Structures are given as C-alpha cells and as structure tokens.
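Trainee: Can you walk me through this one? Keep it brisk, please.

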Amino acid sequence: MDGYCVVDLKEVRRWSGEETLGATGAACSLRMPQLEFSVACNNLVASSQDRMPNSVVHVAVVDPHKDHPVSLACTEIVEASKDPCFLTGVTFPPDRPATPEMVVKLTVYDVKDKRQEAGSFLGSVTFSVGDLLRAKDERLSLSLRSSDGGCATGTVVVSRLKMGEMEEAEHITADVPSQKCPLVCESGSHSCVDRDLLLTGPVFTNPVCKVYRFQTVDSKWMLVREQMEECTLSFSIPKQLLSLYVQEDMSRVQDLKELGELSPHWDNLRKEVIARYGGIIASYQETLAEMEKISGPSFKPSCCKAQKSLEFLPINLHTQRMRVTCPRKTDASYDIVTAGAPAAHFQGFKGGGLQRLLSRYEAEKKSFSTAYQCIYYSPEHTARAQEVLSSVGLLQPLIGSLADQLLHAAHERSSPGLREALKNLTDKTEQFVHTLKDELVKCALLALHAAQPGYVSENQKGGDPGSVRTASPSPDDNNEVTSCNNVDGKRGQDAIPHHKEYDEEEWDRIWASVAKRLNCVVAMVDQLAEQDRKQERAGTDEQNQLADVITSHNPGDWREQLRPLVARLKECVTQVVEKAKRAVTFVLLQEAACSIPMGVVLQQRRDVVFSQALAVLSCGFVMRLYAGMQDKGFLRQLHLVGLVAQFESLLSTYSEEIGMLEDMEVGVADLQRVVFKVTRARTDHLSDLQPVVRGRRDHFTVEVPLPGPAFQNMPEEIKEGRPLRVFPVLFNVGINEQQTIAERFGDISLQERINQKNFETLECYYKTLSEKVPRECLPCFQSQTDVKELLETLGQNVVAKRRKNVEILWSAAAICRRVNGIRFTSCKSAKDRTSMSVTLEQCALLRDEHQLSKDFFIRALDCMRREGCRMDNVEKNIGCRKYAFNMLQLMAFPKFYRPPEGSYGKVDT
C-alpha cells in the first residue's frame with residue numbers, strides 16, 4: 001500500500017544507544033515515578049487492505065540537543081484491532097523525571113511479523129507533558145501525522161494514569177471481541193502516583209520502572225507497577241567475606257606457628273599446610289584487589305559468570321517489586337530476588353558440584369590420613385574443633401570484661417550491681433568451662449604431646465599393643481575417627497600411641513581450676529554482701545563502728561578484697577585458652593594435612609559458592625526488613641522465630657547443571673551458619689547504612705544498620721541485639737529440554753532428594769511458627785487456602801512421580817509468602833527461565849489476589865515478558881532484547897513458561 005514505510009523496530013530501540021531511559025540510572029529514588037500515562041488508538045488502518053493492523057506504539061522524548069529522540073518505552077503488540085487499547089503504560093524513570101516542557105513523541109507501527117520485528121509506519125504524534133496536565137481530565141486525543149507532516153488515518157488517546165472509580169467508554173475497545181475497555185475518569189488528586197513507596201532499602205540502585213493497567217473480573221482497572229533494581233551488596237558482601245577469609249587463614253597460620261616444636265614429620269606437614277594457606281591468602285588478596293578496581297553497574301552480568309576475578313560475586317542479582325493499586329482496595333506489594341544459581345563456574349563442573357565432591361572427599365580422606373600418618377577426623381569433629389576454637393576466642397575477652405565490671409561494682413559498693421555483675425560473669429564462665437570439657441580437646445592434647453620431638457611410643461619400647469589408647473573423642477565415635485601411628489608408620493594401627501610420662505588427668509585439673517577460681521569469687525561476693533546486710537541492720541553507733549571494723553573504713557576495700565581473686569580467675573582462663581587453642585589447632589593441622597590437596601580446592605570452591613549465596617540472602621533480608629518496618633506482627637515473628645528464605649531453582653538434572661545444582665544445595669545449606677542483627681546507624685548517610693559482615697567460616701553475623709527513627713521503632717528484643725535467624729530451603733524443578741532427557745533417560749534422584757529434605761525443613765519451621773507466633777501476625781490473602789493445606793499439597797507433589805511438576809514451585813512460593821518469608825528465584829543466569837517464572841508468579845498473584853480477568857491473564861503475562869522489567873534485565877546482561885530460547889527448546893517447556901512469539905531467538909549469552 002502506498003504511503004507506508006517499513007521500519008526495523010530494533011533500530012528504533014537503538015536510536016539512543018546507551019541513552020535508553022530506564023536502562024541505567026542514578027542512586028535509587030525512594031518514590032515511584034511522578035508521571036504515568038496510558039495509550040490507546042482509534043480507527044487505525046493496516047498497511048495492507050486484507051487484514052486488521054497489529055499495532056505497537058513506541059514512546060520517545062524529543063531532546064533538542066540530540067539527533068534522534070531518546071527512547072522511553074514501548075507498548076505490547078495488539079493484534080488484529082483497529083481500536084487497540086494497550087495494557088503497557090508509560091512511566092518516566094526516577095533519573096529523568098517529567099517536566100511540563102518535555103516533548104513526547106508517539107510513533108505507531110503495524111507489525112506484520114513479530115519474529116522479525118519489522119513494522120510499517122502508520123503515523124506519529126507529539127505533545128508536551130504540560131499539554132497533558134492542562135487537558136480536561138488529563139486526557140488528549142491527537143490525530144496521527146504521516147512522515148511528511150500530513151494527516152494520517154487514526155487517532156491516539158493519551159490518558160494520565162490514576163486510580164479511581166471506573167466507567168465504560170465506548171469509543172475504545174479492547175482486542176477481545178465485544179469487550180468494552182474502561183477508562184480512568186476520576187479527576188482528583190494524583191496521590192497514587194506520588195505517595196511514598198515502602199522503602200526498599202539503601203542498598204538498591206539503578207531502578208527500572210514499568211507500569212500496566214489490567215482489567216479485573218468486574219470490569220475495573222487495576223494499576224500494576226514493576227520496579228527492578230540492582231543491589232550494592234553484590235560487591236560489598238563478597239569483598240567483606242574475602243577480607244574475613246584472609247584474616248581467618250592468616251590467624252590459622254599464626255596459630256600453627258605457635259604450636260611450638262614438633263617432630264620432623266609433623267613439622268614438615270605444618271610447613272606444607274602453611275604453604276597451602278599462603279597460596280589461598282595470596283589468591284584471595286589478588287581477587288580482592290581486582291574487585292576494588294571495578295566501577296560501573298552494581299551487578300555481575302551473566303556473560304561474566306566464569307570470570308575468575310568475579311567468581312565470588314553473585315550472578316545477575318536484582319530485586320523486583322510489583323505494586324498493585326485497585327479501586328477501593330488497599331495497595332499491595334510483592335517482592336522477589338533473582339540471581340543466578342550460586343555455583344563455581346570458573347572452576348567448572350567436570351567432576352560434579354560441591355555435594356558430590358564433598359561426599360567423595362570424605363570417603364577418600366581416611367586413605368589420605370594413612371598416607372600422611374595423621375588422625376582422620378570426621379566433618380563433625382572438625383566442625384566441633386572449629387566451634388571450640390571460636391567459642392573460647394569469644395568468651396575469653398568477654399569474661400575479662402565482665403570481671404572488670406564486677407570490680408567496678410565493688411568499687412561503687414553496690415550490692416545489686418555486684419550481684420548482677422557476678423551473675424553475668426558466672427554464666428559466661430560456666431559456658432566457658434562446659435566448652436572445654438569436650439573430650440575432643442583432651443584427646444587432641446594427647447596427640448599433640450605424641451607429635452613433639454623425642455616422643456617414643458609404647459610399641460617402639462616393646463610395650464603391649466593392647467595398651468594403646470584410642471584417639472576417639474568419645475566411646476560412641478570409634479567408627480568415625482581413625483588414627484595411625486604417626487611415629488612408626490604401621491598401617492592399620494587405629495590408635496594414637498600412649499606416652500607413659502603424659503599425665504592424662506592434667507587437662508581435667510586445668511579446666512576444673514577455672515570453676516574453682518570462680519567459686520572463690522562467688523564466696524567472697526557472698527561474704528561482702530552478708531557484711532553489708534549486717535551493717536544495714538546495725539542501728540547504734542557501736543554497731544556501726546563494729547561494722548566498720550568488719551568491712552574497713554575505706555569503701556574501696558570491697559574491690560581490694562576481690563581484686564586478687566579476679567586476677568587469678570583471669571590468669572587461669574588465659575592459661576586454659578592457650579592450652580586448648582594449641583590442642584584444637586593441632587586437630588585442624590591434622591585435618592588440613594590429610595586433606596591436601598583436594599581439601600584446599602574444595603574449601604576455595606565452597607568459599608566462592610557461599611559468598612554468592614550470602615550476598616543474595618543479605619539482599620533479600622534487607623529488602624524484607626525495610627518492607628516490614630511498620631508491621632508489628634512481622635517484627636514479632638522476626639525475633640521470636642526467624643524467617644524462611646525460600647530458594648526456587650529451575651536447573652535441570654542433566655550435564656553441567658547437575659554440578660550447579662550440587663553447588664547450590666551446599667551453598668544454600670551453609671546459610672544456616674548465618675544470623676542477622678539490627679543495629680543503629682551512626683548517621684543517616686548511605687555509607688553508614690550498609691550491612692557489615694563479621695565472623696569466620698563456621699559462623700557469620702550480618703549487621704544491618706537502620707536510621708535512628710527506624711531503629712527506635714524496632715521491638716526491644718531487636719534493639720538489644722538479639723540474633724535474627726533465617727531458615728533457608730531449596731526447591732528445584734527443571735523445566736527445559738535437558739530436564740526432559742534427564743527424566744526419560746537419566747537420573748532425577750538429586751532433585752527428588754533436595755525437594756523431600758527441604759519440605760521436611762519447611763514443615764518443621766511452620767510447626768515452630770504456629771507454636772510461637774499468633775496467626776494474626778501473618779499476612780492475609782484473598783485466596784482462602786491456609787498454610788496447612790498448602791503444605792499438604794506440597795508434600796503430595798514432592799513424592800508424586802510427575803514430570804516437570806512445577807506445582808512444587810507454586811506451592812512452595814505460596815507458603816513462603818503466607819509465612820512472611822523471603823522469595824528467591826534462580827536458574828543458571830537468572831535471565832531467561834527465571835524471567836518466565838517471575839512473570840508467571842506475578843500474574844498468578846494478580847489473578848488470585850486482585851481478581852485479574854481470566855481474559856487478560858495471557859495478555860498480562862505477554863506484556864510483562866515482552867516489555868516488562870525482565871526484558872530489560874535480559875538487555876542489561878547481553879545487550880539484546882531476546883530471551884535465549886529456540887522453538888525446539890520451548891516445545892519441552894511447561895505451557896505457562898513459554899515467552900510470547902517474537903521475544904526469543906538465538907543470541908550470544
């Protein structure tokens with residue numbers, strides 16, 4: 001047809017290159033965009049007479065300083081309609097807000113082939129933002145103009161989006177036959193656009209915003225906004241972890257050096273272990289230095305997932321919030337965190353992932369212990385040794401501080417203060433003694449004595465082999481600990497040599513002496529308190545003088561009488577710590593020696609995976625905390641029980657993705673070693689509101705600073721620093737063509753085991769939650785299915801032998817939201833399959849909670865997938881607005897996980 005020109009719509013998007021609005025931005029605005037409008041058309045004519053137009057509108061801002069308009073947004077394609085009503089609205093991003101003088105250009109195209117994105121130009125219009133705001137009902141009807149400025153057939157209707165009462169408007173119809181398309185007609189305030197969002201937190205940046213209007217079952221409009229953001233924790237958490245790893249390993253090296261003189265065999269092993277630690281330290285310091293040089297976006301693109309200098313960073317970490325505004329209903333927000341599965345991509349998956357490698361490693365470590373002539377300790381004993389080392393390191397300075405507080409109370413001559421200080425000191429000292437009573441420490445001291453120069457075993461002296469003492473930390477652990485004679489090298493000798501000159505009861509006397517010293521302090525405090533009571537009862541001068549003789553004329557004598565006893569207690573604690581530290585360090589030396597070199601590689605892999613997982617979890621925790629600040633029920637649940645962190649994975653159990661899933665399983669499980677604490681920020685500056693990680697590999701604490709007013713609104717338990725727990729659970733269902741192969745010809749037992757194990761964890765969590773938190777503390781949902789029913793459904797689906805049973809994921813997600821949990825979704829890169837899952841979940845929530853019309857469900861799904869935040873996520877990662885699927889792959893996908901035609905294709909990922 002004459003008068004039309006064919007335009008490549010991909011080129012339209014590229015007019016402005018990096019200046020596409022919404023793709024990047026400045027620091028996160030805490031408010032939603034101030035102007036949003038919808039677009040509809042009337043009386044369009046297709047470029048060919050034999051069909052109705054398939055129309056799409058491209059929105060751009062006319063900048064007089066640019067050669068081309070700056071692309072702002074694009075609607076979805078409405079097929080076969082001359083009066084299309086577009087569901088995708090237009091929003092101005094926070095980094096470039098609308099002004100009355102800003103000129104907007106709308107260009108309408110007729111798309112013949114969605115797969116090629118080729119369209120015929122139908123016309124364009126321009127208007128200023130001021131024109132829209134000044135128009136009656138803030139609504140413009142503009143005639144299309146041809147490329148030469150002449151009149152074209154059709155009009156464009158632009159309406160500012162705002163919520164209110166709805167009514168039918170006959171002049172605009174949707175593409176659904178006989179369906180009228182209601183318009184917003186309220187002319188009141190625009191508070192729905194301007195009102196503050198719940199804070200997402202100070203760690204989020206570079207927002208991408210989208211807006212839609214969808215029809216409800218009662219023919220009303222709901223307004224839906226998506227906001228996707230990057231998270232600065234993608235970099236800050238891994239950097240802090242690397243620094244802590246380096247500190248911990250340097251401390252371990254120093255402890256090894258302080259073991260003292262060892263026999264040549266053990267000294268050589270120590271040197272080898274120190275050299276290995278030195279290699280890890282150097283590697284981590286180099287990685288940290290490389291990360292410090294990075295500037296730009298606050299996320300790692302999926303195309304960089306195998307880059308060594310970035311291996312500790314989570315892949316494509318983003319948050320996404322959907323906010324729904326409906327007439328006569330309370331606004332609702334739904335959050336989700338998306339990231340690539342925590343996995344060691346740089347190290348590869350040829351031998352599998354962490355779960356398989358760790359199992360194989362533990363099976364082989366016994367033979368390593370024989371080869372290196374050292375004791376084999378099970379993972380439980382190694383973990384116990386690290387726990388002892390960590391506990392005594394924390395308790396020693398705490399006991400010293402509490403002892404000083406006791407002396408201060410004595411100086412003040414305060415009986416209540418003295419009693420309170422004594423109670424705290426007694427509690428921590430008893431905890432200290434209980435830690436040191438562990439049989440593992442006693443056994444390790446014996447082994448350390450045997451490793452010193454000049455030691456001669458009973459076997460070498462011709463003694464009775466039957467008198468050799470076993471190295472098992474407890475009688476029940478004989479099957480877990482294997483030892484070999486580290487002097488004469490006889491294989492199969494499952495014992496440590498016994499040295500007749502070593503006093504095995506010495507350690508019991510040493511740790512028991514701490515309790516004795518404490519008892520002396522307690523007795524003295526009791527005596528002083530009794531003297532004080534006698535003085536209070538004395539009523540005459542003679543009695544007062546007698547009391548003064550008993551106590552002293554100087555009030556400071558209380559402190560003087562306690563000082564030598566406290567000093568001996570502190571001295572005894574120091575002596576015990578030094579001895580226990582050396583013993584436990586020797587346990588870890590043996591563990592490290594018999595794990596060379598595979599254990600070192602596995603530790604690095606585990607560090608990488610945990611770093612990614614912790615960054616993702618911290619991001620979700622901060623977002624959930626800020627969203628729930630005004631919810632007293634949520635805050636009560638937070639400190640009484642803790643939160644579920646529900647990880648949804650779409651990885652297949654085939655080829656390399658098996659290794660990724662095995663890595664992810666261990667990484668998510670390791671998050672059980674993490675607690676959070678809320679602290680008061682020094683200032684409200686962004687730098688003082690960033691989470692801080694403390695601890696060591698066996699236990700980490702993430703401190704989340706809040707601004708002063710927000711901190712004051714926290715419950716007392718949280719303000720006092722109570723550790724806040726998270727309960728990580730992982731559910732996986734593969735959905736792609738590789739999963740089809742695994743289900744028909746391979747093995748899906750890994751997926752089945754993960755789902756069953758984590759279902760049991762989730763069930764236990766809900767039982768605890770039900771016992772400790774009233775039901776009214778949990779959120780209310782429109783759908784009536786309660787958590788018990790959902791758990792029952794989930795349990796049935798977990799054991800059902802159904803292929804690609806995505807109902808497992810749907811039930812787990814629904815449970816998570818009903819128990820105030822944190823939602824995470826992952827695939828290999830959090831780009832393609834993740835986008836399908838997130839958009840499906842959002843539309844399901846609109847349908848179940850906000851009465852989205854069933855006629856609009858698929859249209860809403862296609863809108864979000866084609867023009868929503870997830871497509872922007874794809875573009876940010878690979879520079880192309882195409883999901884990395886092909887038609888053959890999608891045939892294997894479950895129906896609701898398939899993107900709309902034209903939104904996918906072969907791309908370089």
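Trainee: Which residue is the bridge partner of Ala-40 in β9?
Mentor: Val-157 is the partner. Strand β2 (residues 36–42) pairs with β9 over 6 bridges, antiparallel. Two strands pair if DSSP finds at least two bridges between them. Strands are DSSP runs of E, at least two residues, and helices are runs of H or I, at least four, numbered from the N terminus.

Trainee: What should I know about the model itself?
Mentor: This is a predicted model, where local features need pLDDT of at least 70, side-chain atom pairs count only at pLDDT 80 or more, and totals for chains, interfaces and linings use all residues. Residues are numbered from 1 along each chain as its sequence is written, and side-chain values use heavy atoms, leaving out hydrogens and water.

Trainee: Back to β9. How many bridges join β8 to β9?
Mentor: There are 6, and the strands run antiparallel. Arg-145 stands opposite Cys-151.

Trainee: Why is β9 largely enclosed by the rest of the structure?
Mentor: Because 7 of its 10 residues are buried (under 20% relative accessible area; exposed is over 50%, partly exposed in between; 1.4 Å probe, protein chains only).

Trainee: New topic. How many aromatic pairs are there?
Mentor: The count is 16. Rings of Phe, Tyr and Trp (its six-membered ring) pair if their centres lie within 6.5 Å; planes under 30 degrees apart are stacked, over 60 edge-to-face, the rest tilted.

Trainee: How are Phe-610 and Phe-700 arranged?
Mentor: Their ring centres are 5.5 Å apart with planes at 25°, so the pair is stacked. Both Phe-610 and Phe-700 are buried.
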